[in-house]
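Thanks for coming, everyone. Let me put the structure up and walk you through a few parts of it.

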Amino acid sequence: MRIREGYLVKKGSMFNTWKPMWVVLLEDGIEFYKRKADNSPKGMVPLKGSSINSPCQDFGKRMFVFKLTAAKQQDHFFQAAYLEERDAWVRDIKKAIHCIDGGQRFARKSTRKSIRLPETINLSALYLSMKDPEKGIKELKLEKDKKVFNHCFTGTSVIDWLVSSNSIRNRKEGLMLASSLLSEGYLQPAGDTSKAAAEGLSDTPFLDLSDAYYYFPDSGFFCEGNSSDDDVVLKEEFRGIVVKQGCLLKQGHRRKNWKVRKFVLREDPAYLHYYDPAGGEEPLGAIHLRGCVVTAVEDMPDSKKYDVDNILFEIITANEIHYYLQAASPAERTEWIKAIQAVARTGK
């Protein structure tokens, strides 16, 4: 069973290099892949006899690092993007190690307790049935609020499928089961309506509605703007909906000097464009975010002339290009990190 997965920055075992890795926490170990789409892992750390240390302060410039020490006393260092993400990984890894030591199966008790899901339900098997190309839930292209959602489905279609497959007795029971699938990560919310419910702004985490959209986490889901025929046709990289924009300090790659740039974050395709803040419609450059890792960093030698405490962050692209950016405040840095993470997961 996959307990948790996502991009983290991992330190190399031989050299002091940090690279983005797709990390998968299983019941008995942690696998890490160079890319999410890879079939074979680059490595695996068994959890039996392992221990975890967090916070790990072995690397002064890197924040939100945790250390996993394997049974053979090999240290593995991982860096999350922000505090809550690191704590979630550490919590699940600790629980997985505890389950192995006690001869137990990993289970999220809080989900079953709050939703009162029968222990006989096998969510993993149900998820595979839902994804069956012939008999599962059909992935569609849906439109809402001038956005097009690709490879997704409605909340109503999920409940309909559960009823038709005899997985539940009624729609109320279907809501409990679908909410559990959502809580365990087998379903993901797409769009403001379903995201608000998942964040606790509705009576149930999952919505049995035709305008609440969801998708499978390993599908080809992406969202794009829906332009009319009268709109100006823009280049591929400029057609995405703007998620966030504002001015940041950016470090140059060659001279290592810092300059103020206006940044525009687009949802699909997943690009972070930067412009001259004095004006100009053409961007000076762009950072492709699909498959990237973004993390907070503490300080950099080339940044000492600025007050950089708790406001620097780093983007490492899928082809391992490093970009260093500086926000105006810790809160703004967190906002940028979370926005970039969301786009990196869902954009093309």
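**Helix H1**

Start with helix H1, residues 83-102. At 1.5 Å a residue, its 20 residues should span 28 Å, and the end C-alpha atoms are 28 Å apart, so the two agree. That expected span is 1.5 Å times one less than the number of residues. Helices here are DSSP runs of H or I, at least four residues; strands are runs of E, at least two; both are numbered from the N terminus.

Some ground rules. This is a predicted model, where local features need pLDDT of at least 70 and side-chain atom pairs count only at pLDDT 80 or more, while totals for chains, interfaces and linings use all residues. Residues are numbered from 1 along each chain as its sequence is written, and side-chain values use heavy atoms, with hydrogens and water left out.

Back to H1. Its buried residues include Glu85, Arg86, Trp89, Asp92 and Ile93. Buried means under 20% relative accessible area, exposed over 50%, partly exposed in between, with a 1.4 Å probe and protein chains only. After H1 comes glycine 103, with a positive phi near 65°.

**The sheet**

Next, the strands. Seven of them form an open, antiparallel sheet, in the order E16-E15-E14-E13-E19-E18-E17. Two strands pair if DSSP finds at least two bridges between them. At the edges sit E16 (285-288) and E17 (293-297), each pairing on one side only.

Look at E13, residues 242-251. Nine bridges join E13 to E14, residues 258-266, in the antiparallel sense. There, glutamine 245 faces valine 264. E13 also pairs with E19, residues 322-326, antiparallel over two bridges. Leucine 249 has glutamine 326 as its bridge partner in E19. E19 is joined to E18, residues 312-316, by five bridges, again antiparallel. In that pair, isoleucine 316 stands opposite histidine 322.

**Cores and cysteines**

Which residues touch the most other members of the largest nonpolar core? Of its 48 residues, they are Ile93, Leu272, Leu289, Phe313, Ile315 and Ile340. A nonpolar core is a set of buried Ala, Val, Leu, Ile, Met, Phe, Trp, Tyr and Cys residues joined through side-chain atoms within 4.5 Å. Another core, of 24 residues, lies apart from it; Leu126, Phe153, Leu181 and Ala197 are among them.

Last, the cysteines. Cysteine 56 counts as buried because its relative accessibility is 5%. Cysteine 292, at 6%, counts as buried too.
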